[in-house]
Amino acid sequence: MKRPERVAVIGVGVIGASVGWNLSRHGAEVVFIDAGQPGEGVTNWSFSWVNASNKTARKSYFDLNVAGISAHRELAGTIGPDSWWYPSGHLRWTDDPTAEAKFLETAELLAAWDYRVEMYTGAEVRSRFEPALMMPDDVPVLFYPDEGWVHGRHLVGRLVGQAVASSAELRSGNAVRDIGTSADGSIRSVALSDGNHLDVDIVVNAAGPSASHVAGLLPRRLPMRREPGVVTRIDCAQVPVHRVMHAPHIEIRPAGDTSVVLHSREIDALIDTVEDQGQLAQLLHESARHVVPALGNSRIAETRVVDRPIPADGWPSVGAVASVPGYYEAVSHSGITLGPVIGRLLASEILSGTRDELLADFRPERFPS
């Protein structure tokens, strides 16, 4: 493999951390750059569900997410699974007949694609998996045993810590102010908000919601979609659920020994009409209590609204941008699922020039500079 002299990874969420870790372990000189702290941005305020069951709109995207799940298992075997990897499966059910028919149809498609899915009744789910749930005995519930959730901040900390231990550099609390190029347009340097200038050969734009701004420092246009989401963490003396679940009107997952994370697309739709994030949190909490009555005594701990990092057409933008030699993009929604596989594939592309077919539909060139 050709070894670049120095690679700047801009944005140290799960995707940027995965790219930098893979580059570092193969001998590249890596400098991580983040305006905040590693893993504290969107990565820390994601629902953090690792899945491919919700990725059926395009077969190539489904395949990439299946590879993402496999990459998590491989990564857990390499760096250890403790504190970040929770492959406990995923439950889905609904109280809407139209939505139920649709997700049962999706389950048939997934089974035809050899993706594992199991069907239970509500009574069986309470008996076998989640006794704290309130649901009709006869409601159909899908269980996806290969899915799970990730503690994103812990994963990022592990990856960056290992990379730094093997000579990578971390510049946190530093925004990128400029990206310098040579006469031929190739990457030459990065200027930071603390006044430092770093000589680099490669820039990886993994800046999440800020990726369009970073691209704009070059002759590069990366259009992004505005799609905010709200996530609430609630504290409880004992976590009453054991896995990710999509219940009627609410998404719930454990977040360690004493907290639970809540999200809802229905509540997301209210973000622009509600000034107080506390109201959004209360709506999420109320919905969760209908499904898990034991959460009634829990306390809202933290709530955050963040912009999801989604390119304008909804698909990832991953790979080299030919018009700017040395510049690569690693921008995608579902970064928790895709981070490890994007990290591996993009590092290989940077070091060897090999373009993996898994990324063929998600190349940056579809957005002309």
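## Helices H2 and H9

In this predicted model, helix H2 (residues 59–79) and helix H9 (residues 335–352) have axes that come within 7 Å and cross at roughly 85 degrees. H2 is therefore roughly perpendicular to H9, as angles of 65 to 115 degrees are classed that way.

On the H2 side, the contact is formed by Tyr61, Leu64, Asn65, Ala67, Gly68, Ala71, His72, Glu74 and Leu75. Their counterparts in H9 are Ile336, Thr337, Leu338, Pro340, Val341, Arg344 and Leu345. By class, the residues of this contact comprise 10 nonpolar, 4 polar and 2 charged.

## Helices H1 and H5

The axes of helix H1 (residues 14–25) and helix H5 (residues 152–165) come within 9 Å, crossing at roughly 25 degrees. This angle is under 35 degrees, so H1 and H5 are roughly parallel to each other. The crossing of H1 past H5 is left-handed.

Val14, Ala17, Ser18, Trp21 and Ser24 of H1 meet Leu155, Val156, Leu159, Val160, Gln162 and Ala163 of H5. The contact of H1 with H5 contains 8 nonpolar and 3 polar residues, with no charged residues.

## Helices H2 and H5

H2 also packs with H5, at an angle of about 55 degrees and with the axes 12 Å apart. That angle makes H2 oblique to H5. The crossing of these two helices is left-handed.

Here His72, Leu75 and Ile79 in H2 meet Leu155, Arg158, Leu159 and Gln162 in H5. The contact of H2 with H5 divides into 4 nonpolar, 2 polar and 1 charged residues. His72 and Leu75 of H2 also take part in the contact with H9, while Leu155, Leu159 and Gln162 of H5 also meet H1.

How values were computed:
Residues are numbered from 1 along each chain as its sequence is written. This is a predicted model: local features need pLDDT of at least 70, side-chain atom pairs count only at pLDDT 80 or more; totals for chains, interfaces and linings use all residues. Side-chain values use heavy atoms; hydrogens and water are left out. Axes are lines fitted to C-alpha atoms, for helices over the stretch in contact, and angles run from 0 to 180 degrees between N-to-C directions. Helices (H or I, at least four residues) and strands (E, at least two) are DSSP runs, numbered from the N terminus. Angles under 35 degrees count as roughly parallel, over 145 as roughly antiparallel, 65 to 115 as roughly perpendicular and the rest as oblique. Contact means heavy atoms within 4.5 Å. Ala, Val, Leu, Ile, Met, Phe, Trp, Tyr, Cys and Pro count as nonpolar, Asp, Glu, Lys and Arg as charged, and the others, Gly among them, as polar. A crossing is left-handed if the near helix is turned anticlockwise from the far one by less than a right angle, and right-handed if clockwise.
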